[in-house]
Amino acid sequence: MSDIRAHCALPRGATDVAVEIINRDGVAIASLSGAVDVLTVPAFSLALKHLLAQPQPCIVLDLTGIDFFGAVALRELINFGQIVSKPGVSWAVVGSRAVLRPLQLLGALGGLPVCGSVHSAIAHVSAK
């Protein structure tokens, strides 16, 4: 198993979002932590765009380190799901309660490939 790590150069606001992208055996895994609110959603959006530019057809979005996920972040995630859901690309998201609860309340969980752990997300995207 080989990991290739990259850190996105993201703008830092009053509330920080940290992003790390690991390319592991054909799977691009983006791990984000912090709060995604109106101040940091540009950084979140930039991280998603960077992830879309990865050459791997398998993408895991690890949001387990997110402790606040505002409405603008929800919209960005749903838009990302619509963009990345195309033939030849397999993706999954793993979220913290701060991410999953608002998605559940909006009824948007059914439209996203949500997994319970990064390990199960990797297995999910690799199996397709």
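## Basis of the description

Because the model is predicted, local features need pLDDT of at least 70 and side-chain atom pairs count only at pLDDT 80 or more, while totals for chains, interfaces and linings use all residues. Residues are numbered from 1 along each chain as its sequence is written, and side-chain values use heavy atoms, with hydrogens and water left out.

## Overall fold

The chain holds four helices and five strands, where helices (H or I, at least four residues) and strands (E, at least two) are DSSP runs numbered from the N terminus. Read from the N terminus, these elements follow the order β-β-β-α-β-α-β-α-α.

Of the 128 residues in the chain, 44% are buried, a term that stands for under 20% relative accessible area, with exposed meaning over 50% and partly exposed in between (1.4 Å probe, protein chains only). The accessible surface, computed by the Shrake-Rupley method with a 1.4 Å probe and, for residues, with only the protein chains shown as cover, comes to about 6,400 Å², and 58% of it belongs to carbon and sulfur atoms. Among contacts (heavy atoms within 4.5 Å) with a separation of 6 or more, 61% are made by residues 24 or more positions apart.

## Nonpolar cores

A nonpolar core is taken here as a set of buried Ala, Val, Leu, Ile, Met, Phe, Trp, Tyr and Cys residues joined through side-chain atoms within 4.5 Å. The largest such core has 28 residues, of which Leu-32, Phe-44, Leu-61, Leu-63 and Phe-69 touch the most other members. Two or more residues of this core come from each of strand 2, strand 3, helix 1 (41-52), strand 4, helix 2 (71-84), strand 5 and helix 3 (97-106). Apart from it lies another core, of ten residues, including Cys-58, Val-60, Cys-115 and Val-125.

Phe-69 illustrates how the parts meet: leaving out residues up to four places away in sequence, Phe-69 touches Val-36, Phe-44, Leu-63, Leu-74, Leu-77, Ala-98, Val-99 and Pro-102.

## Aromatic pairs

Rings of Phe, Tyr and Trp (its six-membered ring) pair if their centres lie within 6.5 Å, and planes under 30 degrees apart count as stacked, over 60 as edge-to-face and the rest as tilted. By this rule the count is two aromatic pairs. Phe-44 and Phe-69 form an edge-to-face pair, at 5.5 Å centre to centre and with 90 degrees between the planes; this pair links distant parts of the chain, with Phe-44 in helix 1 and Phe-69 in strand 4, 25 residues apart. Both Phe-44 and Phe-69 are buried.

The ring centres of Phe-80 and Trp-91 are 5.3 Å apart and their planes stand at 85 degrees, so this pair is edge-to-face. Phe-80 belongs to helix 2 and Trp-91 to strand 5, eleven residues apart, so that distant parts of the chain are again linked. Phe-80 is buried at a relative accessible area of 2%, and Trp-91 counts as buried at 5%.

## Two local sites

In helix 4 (residues 118-126), the buried residues are Ala-121, Ile-122 and Val-125. They lie on the same side of helix 4, because they cover an arc of only 100 degrees around the axis, taken from the directions from the helix axis to the C-beta atoms. These buried residues pack against strand 2 (17-24), strand 3 (27-36), strand 4 (58-69) and strand 5 (90-95).

Ser-96, in the loop between strand 5 and helix 3, is buried with a relative accessible area of 13%. Leaving aside neighbours within four places in sequence, Ser-96 is in contact with Leu-63, Thr-64 and Ile-66, and a polar atom of the Ser-96 side chain lies 2.6 Å from the backbone oxygen of Ile-66.

Conventions
A polar contact is a pair of N or O atoms within 3.5 Å; within protein, one must be able to donate a hydrogen and the other to accept it, and residues adjacent in sequence count only if both atoms are side-chain atoms.
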